[in-house]
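Here is a short briefing to read alongside the structure. Take a look at the fold first, and then we can walk through it together.

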Amino acid sequence: MEWTGGCLCGSVRYRADDAPHWASYCHCGMCRKISGAPFTGFVEFPAGTFEWLQGDASQYRSSDGVTRRFCGTCGSSLTFEAGGMSFISLGSLDFPEQVVVERHCYTKSRLPGIELTDGLPQFPGPVGGKGGRPID
Ligand SMILES: [Zn+2]
Ligand SMILES: [Zn+2]
């Protein structure tokens, strides 16, 4: 199955050959700023399955070793890249409802008033990989 996505204005598009192998919601302050949303979601596609199809995403180095790509025209947040891995913004997928999200991370930064009732595991800080291995 092919997975596709892109920005709001349609100038930047991407595809992947395979389903994401994991997905998380992130409640950290930087994701909140760059997306303008109370929290975000990211998916990781298996290595070598993701490719850009059109457009050149703008990039911003949000912290040491972390690059975030976004559409320079419409501002849609597209990727978070760190440690040789690329995480794709869940909301930029054409069919994000097909993604099974595994967990919430950075819940220590969750906004007050957001109640998580989906029963997914919650991690106060960062996690990565399938199954929720904590990242130091
Ligand atoms: Zn755009
Ligand atoms: Zn985050």
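How many bridges join S3 to S10, and do they run parallel or antiparallel? There are three bridges between S3 and S10, and the two strands run parallel. Please keep in mind that this is a predicted model.

- Five of the five residues of S3 are buried, so the strand is largely enclosed by the rest of the structure.
- In a regular strand, side chains alternate between the two faces of the sheet.
- Both faces of S3 are covered, with Trp 22, Ser 24 and Cys 26 buried on one side and Ala 23 and Tyr 25 buried on the other.

**The nonpolar core**

- The largest nonpolar core holds 24 residues, and those with the most contacts inside it are Cys 26, Phe 42, Val 43, Leu 78 and Ile 88.
- At least two core residues come from each of S3 (22–26), S4 (40–44), S8 (77–82) and S9 (85–89).
- S3 gives the most to this core, with four residues.
- Leaving aside residues up to four places away in sequence, Cys 26 touches Cys 31, Phe 39, Thr 40, Phe 42, Cys 105 and Tyr 106.

**Tyr 106, a residue to look at**

- Tyr 106, one of the contacts of Cys 26, lies in the loop between S10 (103–105) and S11 (127–128).
- Tyr 106 counts as buried because it has 23 C-beta neighbours inside 10 Å, where the cut-off is 20 or more.
- Its backbone is worth a glance too: Tyr 106 has a positive phi of about 55° although it is not a glycine.
- Most residues other than glycine have a negative phi.

**The three-stranded sheet**

- Three strands make an open sheet in the order S1-S2-S5, with antiparallel pairing.
- S1 (3–6) and S5 (50–54) stand at the edges with a single partner strand each, so one side of each has no neighbour in the sheet.
- On average, neighbouring strands of this sheet are turned by 25° against each other, direction ignored.
- S2 (residues 13–16) and S5 run antiparallel and are joined by four bridges.
- Arg 13 has Gln 54 as its bridge partner in S5.

Key
Residues are numbered from 1 along each chain as its sequence is written. Chains are lettered from A and ligands numbered from 1 in the order in which they are written. This is a predicted model: local features need pLDDT of at least 70, side-chain atom pairs count only at pLDDT 80 or more; totals for chains, interfaces and linings use all residues. Two strands pair if DSSP finds at least two bridges between them. Axes are lines fitted to C-alpha atoms, for helices over the stretch in contact, and angles run from 0 to 180 degrees between N-to-C directions. A nonpolar core is a set of buried Ala, Val, Leu, Ile, Met, Phe, Trp, Tyr and Cys residues joined through C-beta atoms within 7 Å. A residue is buried if 20 or more other C-beta atoms lie within 10 Å of its own, exposed if 12 or fewer, and partly exposed in between; C-beta atoms are placed from the backbone. Two residues are in contact if their C-beta atoms, placed from the backbone, lie within 7 Å.
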